[in-house]
Amino acid sequence: MVAQSTKRVVLFASGSGSNVENIVHYFQERRDVTIAMVLTNKRDAKVLDRCNRLNISALYFNKTAFSKSHGVVDILKGLKPDLIVLAGFLLKIPENLLHQFPDKIINIHPALLPKYGGKGMYGKHVHAAVKANQEGETGITIHYVNEQYDEGAIIHQAKTTLLATDSVDTIAEKVHQLEFAHFPKIIDQLLQQP
Ligand code: GRF
């Protein structure tokens, strides 16, 4: 019998990691998809606690390993990922890493790009800007990663309606719900592509 090939996913996260947890849950019964490792640039990131609880391998790396040497690239080469997923990861991906994994790195952005993208547009800053502009809708963008922040080819977008009464926190919550519903499914679809 031919062994079923398993697709390998590596996740990068810098913060809470609720998307990481959601992705792990989505794939946990799947023998054809493995979450190979979670990598973080924050030694005290809450995502590390989640990984401990979920029995997922996790690794902290420092700036030298990430952007001043091949440390992280070498770790990734060893992990042989089919897909690298940035799930709330705040650093810019260095060019050497991008070139090693062309078309294999995706990111989720908590707004409808090209609006509310670019440097400084992350987390609550995005939702505060959306609120300040009295937008009637916001959403998520899942896109490939290239040399520019938030400018890679868009894979998928989803929208949610906003009310004048929405606060920055309720906007964040609406966006998180969209992320939970869509991100694992899009990862799954990309892994099924030949
Ligand atoms: C998400 O909203 C994601 O879109 C953004 O950072 C947030 C991460 O949340 N890039 P969490 O760490 O997954 O809870």
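**Exercise 1: helix 1 against helix 7**

Describe how helix 1 and helix 7 (residues 168-192) pack, giving the angle and the axis distance.

Solution. Helix 1 packs on helix 7 at an angle of about 50°, with the two axes 10 Å apart, where axes are lines fitted to C-alpha atoms over the stretch in contact and angles run from 0 to 180 degrees between N-to-C directions. That makes helix 1 oblique to helix 7, a class left after under 35 degrees (roughly parallel), over 145 (roughly antiparallel) and 65 to 115 (roughly perpendicular) are set aside. This is a predicted model, in which local features need pLDDT of at least 70 and side-chain atom pairs count only at pLDDT 80 or more, while totals for chains, interfaces and linings use all residues. Residues are numbered from 1 along each chain as its sequence is written, and side-chain values use heavy atoms, with hydrogens and water left out.

**Exercise 2: helix 1 against helix 2**

Classify the packing of helix 1 (residues 18-27) and helix 2 (residues 46-54).

Solution. The angle is about 20° and the axes lie 9 Å apart, which makes helix 1 roughly parallel to helix 2. On the helix 1 side, Ser-18, Val-20, Glu-21, Val-24 and His-25 meet Val-47, Arg-50, Arg-53 and Leu-54 of helix 2, contact meaning heavy atoms within 4.5 Å.

**Exercise 3: the ligand**

Which distances separate oxygen atoms of the ligand from Asn-19 and Glu-179?

Solution. A polar backbone atom of Asn-19 is 2.8 Å from a ligand oxygen atom, and an N or O atom in the side chain of Glu-179 is 2.3 Å from a ligand oxygen atom.

Methods: Helices (H or I, at least four residues) and strands (E, at least two) are DSSP runs, numbered from the N terminus. A polar contact is a pair of N or O atoms within 3.5 Å; within protein, one must be able to donate a hydrogen and the other to accept it, and residues adjacent in sequence count only if both atoms are side-chain atoms.
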